[in-house]
Amino acid sequence: MYGWLYLIKNGDLYKIGITKNFTTRMRQLKPDKVISRLYSNNYRQLEKYFHLKYKNARIPQSEYFRLKDFQVRELKKSISLMNNSYYLL
């Protein structure tokens, strides 16, 4: 089953999330900026991986993070590499 993994920015917070319908979800969230997105069959596992990787920056009980600039670049690069290859975590 396929779905979207996305990284968006709202104010000074970033959200690492997943959805089946990207357009509808973005209309609901109204992000300031869509940083990156990936359509994948293991989007749920990827979300869990990135939530764990950036757990120290996570706002408790949410999918929002206070990421540093280098973390945003790192995450954007990881998603971009997956978009441009058959690489899957």
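A: Along the sequence the chain runs β-β-α-β-α-β-α, with 3 helices and 4 strands; both are DSSP runs numbered from the N terminus, helices being H or I of at least four residues and strands E of at least two. The model is predicted, with local features needing pLDDT of at least 70 and side-chain atom pairs counting only at pLDDT 80 or more, whereas totals for chains, interfaces and linings use all residues. Residues are numbered from 1 along each chain as its sequence is written, and side-chain values use heavy atoms, with hydrogens and water left out.

The 4 strands make an open, antiparallel sheet in the order β3-β1-β2-β4, where two strands count as paired if DSSP finds at least two bridges between them. Because β3 (33–40) and β4 (64–65) are edge strands with a single partner strand each, one side of each has no neighbour in the sheet.

Two of the pairs can be named: Ile8 has Lys15 as its bridge partner in β2, and Lys9 stands opposite Tyr14 in β2. The hairpin of β1 and β2 has 2 residues between the strands, and Gly11 there takes a positive phi near 60°.

Towards β3, 7 bridges again join an antiparallel pair. Here Leu7 stands opposite Ser36. Ser36 has a relative accessibility of 10%, so it counts as buried (under 20% relative accessible area with a 1.4 Å probe and protein chains only; exposed is over 50%, partly exposed in between). Leaving out residues up to four places away in sequence, Ser36 touches Leu5, Tyr6, Leu7, Lys76 and Ile79, a contact being heavy atoms within 4.5 Å.

Strand β1 itself is mostly covered, with 7 of its 8 residues buried. In a regular strand, side chains alternate between the two faces of the sheet. A nonpolar core is a set of buried Ala, Val, Leu, Ile, Met, Phe, Trp, Tyr and Cys residues joined through side-chain atoms within 4.5 Å. The largest one has 17 residues, and Leu7, Ile16, Phe50, Leu67 and Leu75 touch the most other members. Two or more residues come from each of β1, β2, β3, α2 and α3 (69–83), with α3 giving the most, 4 residues.

Helix α2 (residues 43–53) lies across β1, β2, β3 and β4 and runs at about 155° to β2; axes are lines fitted to C-alpha atoms, for helices over the stretch in contact, and angles run from 0 to 180 degrees between N-to-C directions.

For the chain as a whole, 39% of the 89 residues count as buried. Among contacts with a separation of 6 or more, 57% are between residues 24 or more positions apart. The C-alpha trace spans about 30 × 25 × 20 Å along its principal axes.
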